[in-house]
Amino acid sequence: VKGLDEKQKEHIQFATYKALCDSTVASKNAAIGEANEKIEVFNADIQKFEADASTLGTEVATLDGDISTCETR
């Protein structure tokens with residue numbers, strides 16, 4: 001009887017531990033999914049900002065040229 005009680009306790013303890021692990025895995029997978037979505041958004045933002053910076057750099061160079069032209073007149 002003592003052996004059966006111990007076996008039952010171990011079974012309950014294992015089931016509790018497995019449930020904790022399963023919920024932790026689900027939680028971590030959800031967090032990873034959310035983080036991956038954020039990474040995609042941030043990468044898109046980076047590409048947009050780099051394109052904007054390139055365009056603005058060209059505009060600044062043009063305006064610098066206009067300033068130089070105006071100053072030499």
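The following legends describe close-up views of a predicted model of one protein chain. Residues are numbered from 1 along each chain as its sequence is written. Local features need pLDDT of at least 70, side-chain atom pairs count only at pLDDT 80 or more, and totals for chains, interfaces and linings use all residues, while side-chain values use heavy atoms, with hydrogens and water left out.

**Figure 1. Overall form of the protein chain.** Helix H1 covers residues 2-72. Along its principal axes, the C-alpha trace spans about 105 × 15 × 10 Å. The radius of gyration of the chain is 31 Å, whereas a compact globule of 73 residues would have a value near 11 Å. This radius is taken over C-alpha atoms, and the globule rule is 2.2 Å times the number of residues to the power 0.38.

Figure 2. Of the 73 residues, 0% count as buried, where buried means under 20% relative accessible area, exposed over 50%, and partly exposed in between (1.4 Å probe, protein chains only). The chain carries 8 positive and 14 negative charges, whose mean positions are 17 Å apart. Lys and Arg count as positive and Asp and Glu as negative, whereas His and the chain ends are not counted. The place of a charge is taken as NZ of Lys, CZ of Arg, CG of Asp or CD of Glu.

Figure 3. Side chains of opposite charge can pair when their charged atoms come close. A salt bridge is a side-chain nitrogen of Lys or Arg within 4 Å of a carboxyl oxygen of Asp or Glu, and by this rule the count comes to two. In the pair shown here, the closest N and O atoms of Lys18 and Asp22 are 3.0 Å apart. These two residues are separated by about one helical turn because they lie four residues apart in helix H1. Lys18 is partly exposed at 41% relative accessibility, and Asp22 is partly exposed at 42%.

**Figure 4. The salt bridge between Lys48 and Asp52.** The closest N and O atoms of this pair are 2.7 Å apart. Lys48 and Asp52 are four residues apart in helix H1, which means a separation of about one helical turn. Lys48 has a relative accessible area of 47% and is partly exposed; Asp52, with 31%, is also partly exposed.

Figure 5. A disulfide is a covalent bond between the sulfur atoms of two cysteines. It is assigned to a pair of cysteine sulfur atoms within 2.5 Å, and the count by this rule is zero. Cys21 is partly exposed, with 29% relative accessibility, whereas Cys70 is exposed, with 53%.

Figure 6. Asp45 is found in helix H1 and is partly exposed at 29% relative accessibility. Glu59 also lies in helix H1, where its relative accessible area of 43% makes it partly exposed. The C-alpha atoms of Asp45 and Glu59 are separated by 21 Å, the residues being 14 apart along the chain. Glu59 and Lys2 are 57 residues apart in sequence, and the distance between their C-alpha atoms is 84 Å.
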